[in-house]
Amino acid sequence: MSTTERTAVYSESTTERLPGRAWTVRLQGYSDRSATVTCTTEACRMPLRSKDLASLRAFAAQHAAAHARAATVRPNAWCHCGSQRCGAHPDTRTYCAGAVVMILRHDSTVRRVWSVEEVCETCAPLIPNATVLARAARPASSNQRPAATAAQVQAPARPDSVAGGFSSPSAAPAENTVAPAWRSRRTSHPRRRPGQAR
């Protein structure tokens, strides 16, 4: 592949801006002291209504974490907070900027809502009760091959791993380990020394 082709592949994967994603998992209580867990991804299977609030709360936390593990942070995503007019930090106005990060928002006092969101690194520290879980891959340095970066950026977010639904948080696959970016083209033949017979 020529340098021009490699650059084109990398450019196509990062120039188009995509809406920042968000998943919200909520524990909804009822007057009979039972509760249900809901997720904004309709395909996710949730447990039945129950009075075992501790188990439902644990499921909700693990389900939100499973969404975070199954999603790849996209470096070309718009800040989800910015798309909501930065309503998560209304007292501090700023311009969205910087790398994209994945955050988990959860108020440990209220303990009913977990949100996983793609936001910019400027908004992330301003959002109350937010923890940064992952960062988008930085562009490759000049000594790395552009094709390797393109392969990492273009890795699919495995939309069916959570969107297809799962009955327990542990059913979501763990994040893929990154394969080596490139392999040497050398053959496995031993190197000959000068003067050595063939």
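This is a short walk through the structure, one selection at a time.

The model is predicted, so local features are reported only at pLDDT of at least 70 and side-chain atom pairs only at pLDDT 80 or more, while totals for chains, interfaces and linings use all residues. Residues are numbered from 1 along each chain as its sequence is written, and side-chain values use heavy atoms, with hydrogens and water left out.

**Stop 1: the sheet**

Switch to cartoon view and find the open sheet of 5 strands, ordered β2-β1-β4-β3-β5 with antiparallel pairing. Helices (H or I, at least four residues) and strands (E, at least two) are DSSP runs, numbered from the N terminus, and two strands pair if DSSP finds at least two bridges between them. At the edges are β2 (35-39) and β5 (130-135), each of which pairs on one side only. From one strand to the next, the twist averages 20 degrees; axes here are lines fitted to C-alpha atoms, for helices over the stretch in contact, and angles run from 0 to 180 degrees between N-to-C directions.

Now step through the pairings:

- Select β1 (residues 22-29) and β4 (residues 113-120): the two strands run antiparallel and are joined by 5 bridges. Ala22 has Glu117 in β4 as its bridge partner.
- Move to β3 and β4, an antiparallel pair with 7 bridges.
- Finish with β3 and β5, antiparallel over 5 bridges; Leu104 has Thr131 as its bridge partner in β5.

**Stop 2: the helix across the sheet**

Select residues 53-70. This is helix α2, which lies across β1, β2, β3 (100-106), β4 and β5 and runs at about 5 degrees to β2.

**Stop 3**

Zoom in on Val25, in strand β1. Is Val25 buried or exposed? It is buried, at 1% relative accessible area; buried means under 20%, exposed over 50% and partly exposed in between (1.4 Å probe, protein chains only). Contact means heavy atoms within 4.5 Å, and beyond four places in sequence Val25 touches residues including Val37, Ala60, His63, Ala64 and Trp114. Try the distance from Val25 to Ala60: the two are 6.2 Å apart, C-alpha to C-alpha, yet 35 residues apart in sequence.

Next, centre on Val116. Among its contacts outside four places in sequence are Trp23, Ala64, Ala68, Met102 and Leu104.

**Stop 4: His80**

Select His80, in helix α3. His80 is buried, with 17% relative accessibility. Its contacts, leaving aside neighbours within four places, are Gly20, Arg21, Ala22, Glu117, Glu118 and Val119.

**Stop 5: salt bridges**

How many salt bridges does the whole structure hold? A search finds 5, each being a side-chain nitrogen of Lys or Arg within 4 Å of a carboxyl oxygen of Asp or Glu.

- Arg105 and Glu117: their closest N and O atoms are 3.0 Å apart. Arg105 is in strand β3 and Glu117 in strand β4, so the pair ties together parts 12 residues apart in sequence. Arg105 is partly exposed at 28%, whereas Glu117 is buried at 5%.
- Arg49 and Asp32: the closest N and O atoms are 3.4 Å apart. Arg49 sits in the loop between β2 and α2 and Asp32 in the loop between β1 and β2, so this pair links parts 17 residues apart in sequence.
- Glu121 and Arg135: these side chains meet at 3.5 Å, N to O.
- Arg21, Arg74 and Glu118: show these together as a salt-bridge network.

**Stop 6: positive phi**

Most residues other than glycine have a negative phi.

- Arg85, with phi near 55 degrees, is in the loop between α3 (80-83) and β3 and is exposed at 70%.
- Asn129, with phi of about 60 degrees, is in the loop between β4 and β5 and is partly exposed at 41%.
- Arg111, with phi of about 60 degrees, is in the turn of the β3 and β4 hairpin, which has 6 residues between its strands.
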